[in-house]
Amino acid sequence: MTSIKNINQIYFHEDSFKMLPNRINEIASKNESVIFFIDDFFKSQMNLLSFNFKGYSNIYFNDTSSEPTVELIDFFVDSIKSKMINPKLIIAIGGGSTLDLGKAVSNMLTNPGISEDYQGWDLVKNPGIYKIGIPTLSGTGAESSRTCVLSNKKKNLKMGMNSHFSVYDELILDPNLTATVTRNQYFYTAMDTYIHCIESLNGSLKNLFSDSFSINGLNICRDVFNSDDFMSDENREKIMLASYYGGIAIANSMVGLVHPLSAGLSSVFGSHHCVSNCIVMMGMEEFYPEEYLEFKSFISKHNIHLPKIQNLDLNSHTLKKLYDATIIHEKPLKNALGENFKEILTYEKASELFRKILL
Ligand code: NAD
Ligand code: ZN
């Protein structure tokens, strides 16, 4: 069954960021009822964002050195509530981390309890504060998906608030905003879309609706990463669209094996989502053979550096933690490997894969 929550409005063109004042005027009457979450890359160079922030007092910069945690969301929500303002609009400007932050805070401002109560499927009860997503880095599909992924150290868990309420109300997709991303980061994040599309297409939950988006997203990724300059103006515009497609594809099907293993790396080592995915792809020969070869060809064509986990001690305790943080993701594992996924991805098999990609 496909049940789709649409985004009300999408502005997708070069310079569409200039639509922002207009959108704010229509949605929020007072400046103080607007809350900005902005990737802290822009903090020292706000001139890259052609918008007059004067008069807006609720601007929160998101430190992306670690990805959003449940504690971070609760911290921002408490801080906003303590100001006794009446928020009408949340605007998130940044990569997947900042887009997820905007969604989660929006949900938590209108739902009781703490954010970890909502990690799972369809637990959010009330619509959040109206939100506009403005990606400055393309690939996670956070702008179009129905989740916002949060780490929960206490529970050794990385899981989203999967809900129709986690879908942005509006998007401003302006490829000019991604021009300053470093090459490696651009590659890792764009590959998230590639991986969303291949996992969706290879999973048992694939369906006509998600396939249409995955196929289009995948074709764009192939086109862009088979070309010489994957960050040309035209290619940044294409990847912005592919990211959007990939987000819709997974919102209506499911990711596969790469994401649970990658979530294991993120939970145990704190490594970021997109680079973790790329590290996992290097061990996927057995499970996604054609895509594994294609992915490797992109890495070598563009001379991409894949970092190693620092100070790694892959002992049995670490492997067990990695396994636990992977196997908990039952839905994607079932999608990729079937009902008997635990018989295929045994502790021994997972340890073999982790050794292959990490050592
Ligand atoms: P990110 O948001 O963590 O940012 C990565 C780096 O890129 C940061 O250093 C940031 O400052 C920098 N950056 C962003 N925009 C820039 C710009 N225009 N110029 C220069 N630098 C820029 O990275 P990401 O890969 O987009 O997002 C990863 C997050 O997305 C993870 O938290 C992951 O869990 C989440 N995610 C969410 C979904 C979803 O559906 N909600 C799907 C996949 C991943
Ligand atoms: Zn992903």
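Which side chain puts a polar atom 3.4 Å from an oxygen atom of ligand 1? Select K158 and you have found it.

Before moving on, some housekeeping: this is a predicted model, where local features need pLDDT of at least 70 and side-chain atom pairs count only at pLDDT 80 or more, while totals for chains, interfaces and linings use all residues. Residues are numbered from 1 along each chain as its sequence is written, chains are lettered from A and ligands numbered from 1 in the order in which they are written, and side-chain values use heavy atoms, with hydrogens and water left out.

**Stop 1: around the ligand**

Stay with ligand 1 and click G96, where a polar backbone atom sits 2.7 Å from a ligand oxygen. Then try V181: a backbone N or O atom there is 3.5 Å from a nitrogen atom of ligand 1. On its own, ligand 1 exposes 880 Å², and the protein buries 92% of that (areas by the Shrake-Rupley method with a 1.4 Å probe).

Now show the whole shell, meaning residues with a heavy atom within 4 Å. There are 27 residues, and D39, G96, S97, S145 and T180 are the closest. Colour them by class and you get nine nonpolar, 13 polar and five charged; Gly counts as polar here, and Asp, Glu, Lys and Arg as charged. Helix α4 (183–202) is among the elements giving two or more residues, and α4 gives the most, with four. Helices here are DSSP runs of H or I, at least four residues, and strands are runs of E, at least two.

**Stop 2: N107**

Next, select N107 in helix α3. Buried or exposed? N107 counts as buried because its relative accessibility is 0%, and the cut-off is under 20%. Its side chain makes a polar contact (N or O atoms within 3.5 Å, one able to donate a hydrogen and the other to accept it) with the side chain of S166, at 3.1 Å. Beyond its sequence neighbours within four places, N107 has contacts (heavy atoms within 4.5 Å) including V124, C148 and F165.

**Stop 3: two strands**

Four bridges join β3 to the parallel strand β2, with F36 opposite I59.

Finish at β9, residues 170–173, where E170 and I172 on one side and L171 and L173 on the other are all buried. Strand β1 runs parallel to β9 through four bridges, and Y11 has I172 as its bridge partner.

Conventions: Buried < 20%, exposed > 50% of the residue type's maximum accessible area, 1.4 Å probe, protein only. Pairing = 2+ DSSP bridges.
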